[in-house]
Amino acid sequence: MAWKDAYNYAGKLFNRTSSDATESHHAGQREDANLPLNAKIGSVIALQKSPLIRAISQGSLIAPPDEGETLIRAISRIQTAMSGNLYRYYLHVGDDAHAEKFLQLYASDTGEISEVMYCSRLTRLIPETIEDQQAYLGEAGYGLGDSSYTLWRSQIEDLGMEETDIASIFADAESLLYQRDVGAAELDFFSPFRGVETRIDDALGKQGLKQDIVFMPYSRQLGGEHGGQREILLISTEIVESEDGDRSKRGIYVDFVIAIPVELERLVVQ
């Protein structure tokens, strides 16, 4: 990874200039400081799993963290036009065999945390045609941003999920319907959010990833209309600009992420 790119990863995460980031690297300064909950790469996450267990019992598609997934492996910030700051603390950054798992936190400009969600990636697809790309980027006036999104039982079966799990999730239904979480309900289409995610994979910010993202949250009520717990389906189109400073790794894909809100009191970072 080029040094300049290494500095840029760390600098963009905290809105620092390249010269500021360069000085901190020469000094060996950590680039994961001053984050919500005093989190750092290598911090231990203690998350009470009762909300996740309850969600699964009500038919959620969420995949809880494994016993060994307790360390923060990477940290990212998503810069959008919205006020406040959106952070992701990765318990697993994902690879060919495993999907990403992370905590997503929203903090106000004053640092007050107002939302925490535990997230696990359900699946990833690559939009192969221009039409598919436009739809998942919300550029065609339909697709990502539509008032609802349907996940079909056959799609989940194709992911290789156990039949007993599929039966508990779908029962006799053939699909799961998610409603768009933002915008007036009567609007057939609402433009998706856009931002830039900058992720650092080590404390000095030498390795990481930078990508443009276009995303929209959808949700459904678990356990029927009166279940009380909400499951979010976050659909995110991600355009990778560089990975570990290598711009040849540019690409586009669409992630389908399941998220369950968790109370801040159920989370401890050490």
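Predicted model: local features only at pLDDT ≥ 70, side-chain atom pairs only at ≥ 80, totals over all residues.
Residues are numbered from 1 along each chain as its sequence is written, and side-chain values use heavy atoms, with hydrogens and water left out.

Now to helix α3, residues 50-57, where helices are DSSP runs of H or I with at least four residues, strands are runs of E with at least two, and both are numbered from the N terminus. In this helix P51, L52 and A55 are buried, and seen down the axis of α3 these buried residues fall within an arc of 95°, so they line one face of the helix; the arc is taken from the directions from the helix axis to the C-beta atoms. On the other side, I53 and S57 are exposed. Here buried means under 20% relative accessible area, exposed over 50%, and partly exposed in between, with a 1.4 Å probe and protein chains only.

Let me turn to H98, which sits in the loop between β3 (85-92) and β4 (101-107) and is partly exposed, at a relative accessible area of 40%. Leaving aside neighbours within four places in sequence, H98 is in contact, meaning heavy atoms within 4.5 Å, with H92 and R121. H98 and R121 are 23 residues apart in sequence, and 9.1 Å separates them in space, C-alpha to C-alpha.
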